[in-house]
Amino acid sequence: MELDPAAAAAGVRLIVHDSVGSTNAEALSAARAGERGPLWITAAQQTAGRGRRGRPFVSERGNLYASLLLTDPSPAERAAELSLVAALALHDAVCELCPVLAARIRCKWPNDLICDSAKFAGILVEGESASGRLLAVVVGIGVNCSRHPPGMAFPATDLAVAGARVSPETLFRALSRTMLRRLGEWDRGRGFAAIRTAWLARAMGLGQTIRVSLPERELRGRFESLDDAGRLLLRREDATLEVITAADIFPVAPEGSAIMPRVGPGLGTEPASGGTPSDPASIGSSRQGRDR
């Protein structure tokens, strides 16, 4: 693994591991020890990867597992926006390296990337701030480059199956550059309006009927937009507007049809929901905590 020269020139650093429990956990541990970043931590394999709501997260070799530690990246109430920032940075990097997939990749709220209706990447944003310390935020990113797990709630795929072969090393180098650019655009939250617009232009299910799975209930409605904090706006059948802070969302097939994800030329579908992070950030009441 190596950084793009632009990231290195900006003072970003990198620690590379062969195997760790979790790159997010390593980054948070470094922050507790006084590390301020910006620092990427990568691993070829994770033995204790985790995702949204503490879900276990399959982390096989051949995929990308990377976490970026940032100190005081924004006011605390804006830190959850980093999930959308990271999604755009990853979208940029994948489409640059795999242009054949560009028209088929969408952003799934709140923190996944989808190709042909199947998940291939996810993001987990976590933060900590102790008394007297600045907020430390970790942006964890997992990408299925050549492997994906079966038997998940949301279908999964990987870049190779989708038709583009890219190594974790090549993808990380590009990501270290695109992340730098999107962080600059975001500008500690001052540029979130532009991030929101760019994310919505790549959104899966926008304007369509979706199912929203919450811990205590399920909802259906039309995915109308995101609000100024990045929360999902759901228009219910009775015309009321519900603001969703954190949830799993699923497409709803039109009556009389079925949604059949396409995961690759001639390879059929494999039920899986990504060996990648997948959820809302665990920062305050923020909406993101993926599976990492």
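Two strands count as paired if DSSP finds at least two bridges between them. Keep that in mind, everyone, and thanks for coming. What you see on the screen is a predicted model.

Strand β8, residues 209-213, and strand β9, residues 218-226, are joined by five bridges and run antiparallel. If you want a spot to look at, find S213, which stands opposite E218 in β9.

Now step back to the whole sheet. β8 and β9 belong to an open sheet of five strands, ordered β11-β10-β9-β8-β12, and the pairing is antiparallel. Which strands are at the edges? They are β11 (241-244) and β12 (248-251), each of which pairs on one side only. From one strand to the next, the twist averages 45°.

On to the helices. For two packed helices, the description rests on the angle between their axes and the distance between the axes. Here, helix α3 (residues 82-97) and helix α6 (residues 192-200) have axes that come within 10 Å and cross at roughly 55°. Angles from 65 to 115 degrees would count as roughly perpendicular, and those under 35 as roughly parallel, so α3 and α6 are oblique to each other. The crossing of α3 past α6 is left-handed.

And which residues meet there? From α3 we have L84, V85, A87 and L88, and they meet F192, I195, A198 and W199 of α6. Sorted by class, this contact has eight nonpolar residues, with no polar and no charged ones.

That's my tour, so over to you!

Conventions
Residues are numbered from 1 along each chain as its sequence is written. This is a predicted model: local features need pLDDT of at least 70, side-chain atom pairs count only at pLDDT 80 or more; totals for chains, interfaces and linings use all residues. Side-chain values use heavy atoms; hydrogens and water are left out. Axes are lines fitted to C-alpha atoms, for helices over the stretch in contact, and angles run from 0 to 180 degrees between N-to-C directions. Helices (H or I, at least four residues) and strands (E, at least two) are DSSP runs, numbered from the N terminus. Angles under 35 degrees count as roughly parallel, over 145 as roughly antiparallel, 65 to 115 as roughly perpendicular and the rest as oblique. A crossing is left-handed if the near helix is turned anticlockwise from the far one by less than a right angle, and right-handed if clockwise. Contact means heavy atoms within 4.5 Å. Ala, Val, Leu, Ile, Met, Phe, Trp, Tyr, Cys and Pro count as nonpolar, Asp, Glu, Lys and Arg as charged, and the others, Gly among them, as polar.
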